[in-house]
Number of protein chains: 2
Amino acid sequence: MAKTRIPVWRLIQSDLEAEIRAGLIGPGDQLPSENDLAERFSVNRHTVRMALANLAMLGLVRARRGRGVFVEDRPPEYRITRDSKWSEIERQMNAGPSGRVVGTEERLATTAIAGHLGLAEGTPLVMVETVRGASPSLLIYGYHLFDGARFAGIGEAVARSGSFTQALAEYGVDAFYRASTWIDCRMPRPREAEALSIPLDAPVLVMMYVDSDGEGRPLLYGNAVIPSGSLIVRIDTL
Amino acid sequence: MAKTRIPVWRLIQSDLEAEIRAGLIGPGDQLPSENDLAERFSVNRHTVRMALANLAMLGLVRARRGRGVFVEDRPPEYRITRDSKWSEIERQMNAGPSGRVVGTEERLATTAIAGHLGLAEGTPLVMVETVRGASPSLLIYGYHLFDGARFAGIGEAVARSGSFTQALAEYGVDAFYRASTWIDCRMPRPREAEALSIPLDAPVLVMMYVDSDGEGRPLLYGNAVIPSGSLIVRIDTL
């Protein structure tokens, strides 16, 4: 595989990041001093400072003048239940509908997506691409696919209200539920990184999901692209 | 933030990868030809070939001589339920207990981890670090934290049997259940990348979880580090 060179400060960053995200260094805890970290990783203080500056950019730590570097609170949780929807997150954060449509295009259903939507392979679909934000530090990029015949023009409806919940209501859908969710991660594509204001070398969590109506009939297949560390997905099973 | 330069082929890779992982180009589908892709991205064919070679290394596509490049099947799903445990994955893949202990150390419970385990902050914990594999293409790196007093020596028990399920049985725990799961992603730390045979610039999915006994008392707090694309986490809510 083609290699890209990884700077040493990034290796230190990933090591500290793993401990912070695992909670092994918890919110409010102080990191070891620059000197101690330099010794532990056998590097100079400049390298340690680069790693710490990047952890701060990711919102994981904050320097307090004259006192040291401390771990920040964890990001908000997004709980996966049958009622999971973005408008719930907006409500929790006291934000209004925030959807901005960045594109609408026609796609033909692949076998996989046709299966999710209960349609025949090759059925024309409408794909609505959005950027949504519940707060300045919580932006997500989204791809939403619908049966093109039943939901013709839904891109314009979302653009008007900023909300899929409100747009679906215009098509007679007054309730919908999360049926299944799949979670994966990858690097961002260029237009996602630009819209989310993240670097191209910071990973994103991808939540793929099918929402259904009250009778369990699939309505939409969506993909939410979430910058690493801005939201933690949570599932309770007991 | 310090920038690392991203090669053009990687941008093309991330663009195609997003479409493949979303199912917009589905398993079995043929990618556009090298010439068509070179035109679409305004680059030369060499750059397209670098992107395709890396998609192949990630297991997302395969070239068939003289026919073109085709999308591979999706990775196996890991369903989050109260019965989620690694031994279930091993059973599904007809593999035996595969846990290899790479380290055991003492840690003191941070507020966050003490909360997960129902212990007081500062309680001595034992952390067992493992590499487990259900197949050659499905390796995970793990951190497992236990109450150090109750589970003294559990690292050795895991090393003997290769299985947390069997090790817990030695401590009188004959059943345990997944209580909560949190999902996040990040870049791998150096020792994870080495153990999982992945490059340092390929992201990992991190599954943090609490397992409890039949009465709902927390037993362990674990972190599973999963190479991007080797397993898709699934949650059914309807």
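Okay, so let's start with the parts list: chain A has 8 helices and 10 strands. By helices I mean DSSP runs of H or I with at least four residues, and by strands runs of E with at least two, numbered from the N terminus. Before going on, some housekeeping: this is a predicted model, where local features need pLDDT of at least 70 and side-chain atom pairs count only at pLDDT 80 or more, while totals for chains, interfaces and linings use all residues. Residues are numbered from 1 along each chain as its sequence is written, chains are lettered from A in the order in which they are written, and side-chain values use heavy atoms, with hydrogens and water left out.

For overall size, the C-alpha atoms of chain A fill a box of roughly 65 × 40 × 35 Å along the principal axes. Of the 238 residues in chain A, 53% are buried; that's under 20% relative accessible area, with exposed being over 50% and partly exposed in between, using a 1.4 Å probe and protein chains only. Now contacts, meaning heavy atoms within 4.5 Å. Among contacts in chain A with a separation of 6 or more, 56% join residues 24 or more positions apart.

Let's zoom in on helix α3 of chain A, residues 45–57.

Which residues of α3(A) are buried? They are A:Thr47, A:Val48, A:Ala51, A:Leu52, A:Asn54 and A:Leu55. These cover an arc of only 160° around the axis, so they sit on the same side of α3(A); the arc is taken from the directions from the helix axis to the C-beta atoms. Here's the background: an α-helix has 3.6 residues a turn, so residues three or four places apart point the same way. On the face turned away from the buried side, we get the exposed residues A:His46 and A:Met57. And what covers the buried residues of α3(A)? The cover includes α1 (8–22), α2 (34–41), β1 (61–64) and β2 (68–71) of chain A.

At the start of α3(A), a side-chain oxygen of A:Asn44 comes within 3.1 Å of the backbone nitrogen of A:His46. Just after the helix, A:Gly59 has a positive phi of about 80°.

On to the partner. In all, 71 residues of chain A are in contact with 71 residues of chain B. The area buried between the two chains is about 6,100 Å², and carbon and sulfur atoms give 61% of that. Buried area is the accessible area (1.4 Å probe) that two parts lose on being put together, summed over both.

How many salt bridges cross the interface of chain A and chain B? The rule finds 8, counting a side-chain nitrogen of Lys or Arg within 4 Å of a carboxyl oxygen of Asp or Glu. One of them links A:Arg189 and B:Glu19, with the closest N and O atoms 3.3 Å apart.

Last stop: A:Arg234, in strand β10 of chain A. With a relative accessible area of 16%, A:Arg234 counts as buried. Leaving aside neighbours within four places in sequence, A:Arg234 has contacts in both chains, including A:Tyr78 and B:Trp182. That's my tour, thanks!

Note on methods: Polar contact = N/O pair within 3.5 Å; in protein donor to acceptor, adjacent residues only side chain to side chain.
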